[in-house]
Amino acid sequence: MAIGFSKYQGLGNDFILIDNRQDAKPIINSTEATLLCDRHFGIGGDGVILLLPGTSDTDYTMRIFNSDGSEPEMCGNGIRCLAQFIADLENKTTEKIYHIQTLAGTITTHLLKEGLVTVDMGEPQLKASQIPTLLGIADQPVINQPLQVKDQTWLVTCVSMGNPHCITFVENVESISLELIGPEFEDHPAFPKRINTEFIEIIAADQIKMRVWERGAGITLACGTGACAAVVAGVLSEKTARRCKVDLPGGSLEIYWSELDQKVYMSGPTKKVFVGQWG
Ligand code: ZDP
């Protein structure tokens, strides 16, 4: 059976979006998601996102598969793409708010104008047990704690934005061998659900530079949840302001960790690339 899809990207973090509104269950399984994401044998993407019917208090439900077929709880760049995908399906162009059910709870997206979305990403979870990580003390935050990875000790801060992140501040992000060190962080025994890993260089209190190794996807050009987690980690370790621009290889995101409601707000671009049929 041929399946229609749309390809979207947010800062070069690219996703295959599928309209799954006719069915309460995903019409794609994790093996098929891996095949769809393959850049040689499939369509190519960092993940597959399914748009399912909403629940009693949400408009829609999002399910996402990483390119390795695993299913993360949340996806920042992906949910921006999803908001634009929904607006395109509904022929809406501007000022649309959607409440979307995810495995990390309800996330609210605000389409400001075509191609620009602000997302209320909710409150970060900081306790070690919530990340989850075996570092530190279970009911305490993990801030600048030593983590031994191979023959090097890194000072890491852990933040959950629904999905788990491990942040390290470095002098120069370009000098990090992501493809070598990323997998070692991802599968480190300190992280029972594996981990997304961000390396951050501070440019100024309101601007940081980030490179990411994503759980289940490897090197990507951007990671929305990771950018949010990085600013939370920056505030916790007194390196950044609550309002901060995050420069990623694929472009920039504006992040604001509100002192009023403690939620993290992320703003950035999204764009439809093409539509097609699989199979
Ligand atoms: O948590 C994970 O396994 C991530 N790989 C999910 C994808 C995160 C994403 N890059 C983002 O922008 O938050 C989509």
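**Interface between the domains**

I began with the interface, where domain 1 and domain 2 bury about 1,400 Å² between them, 51% of it on carbon and sulfur atoms; buried area here is the accessible area (1.4 Å probe) that two parts lose on being put together, summed over both. On the side of domain 1, I found that Leu11, Glu73 and Met121 lose the most area to domain 2, together 39% of what that side buries.

I note that this is a predicted model, in which local features need pLDDT of at least 70 and side-chain atom pairs count only at pLDDT 80 or more, while totals for chains, interfaces and linings use all residues. Residues are numbered from 1 along each chain as its sequence is written, and side-chain values use heavy atoms, with hydrogens and water left out.

I then looked up the bounds, which come from an automatic or database domain assignment: domain 1 covers 3-122 + 269-278 and domain 2 covers 128-261. The contact (heavy atoms within 4.5 Å) takes 20 residues from domain 1 and 22 residues from domain 2. Taken over C-alpha atoms, the centres of domain 1 and domain 2 are separated by 23 Å.

For charged pairs I used the salt-bridge rule, a side-chain nitrogen of Lys or Arg within 4 Å of a carboxyl oxygen of Asp or Glu, and the count between domain 1 and domain 2 is 2 salt bridges. I looked at Glu73 again, and found that Glu73 forms a salt bridge with Arg215, the closest N and O atoms being 2.8 Å apart.

**Salt bridges elsewhere**

One of the pairs I looked up is Arg39 with Asp14, whose closest N and O atoms are 2.9 Å apart; Arg39 lies in the loop between α1 and β3 and Asp14 in strand β2, so the pair ties together parts that are 25 residues apart in sequence. Helices (H or I, at least four residues) and strands (E, at least two) are DSSP runs, numbered from the N terminus.

For exposure I took buried as under 20% relative accessible area, exposed as over 50% and partly exposed as in between (1.4 Å probe, protein chains only). Arg39 is partly exposed at 48%, whereas Asp14 counts as buried at 9%. I also noted that Lys7, Asp14, Arg39 and Asp46 are linked in a network of salt bridges.

Next I looked up Asp120, which forms a salt bridge with Lys263, the closest N and O atoms being 3.3 Å apart. Asp120 lies in strand β7 (residues 116-120) and Lys263 in the loop between β15 (251-257) and β16 (264-269), so the pair ties together parts that are 143 residues apart in sequence. Asp120 is buried, with a relative accessible area of 15%, and Lys263 is partly exposed at 28%.

I also recorded the salt bridge in which the side chains of Arg21 and Asp19 meet (2.9 Å, N to O); Arg21 is partly exposed at 29%, and Asp19 is partly exposed at 31%.

**Helix α1**

Last, I turned to helix α1 (residues 30-37), in which Ala33, Leu36 and Cys37 are buried. Seen down the axis of α1, its buried residues fall within an arc of 95 degrees, so they line one face of the helix; the arc is that of the directions from the helix axis to the C-beta atoms. I found that the buried residues of α1 pack against β2 (13-19), β3 (47-53), β4 (60-66) and β17 (271-278).
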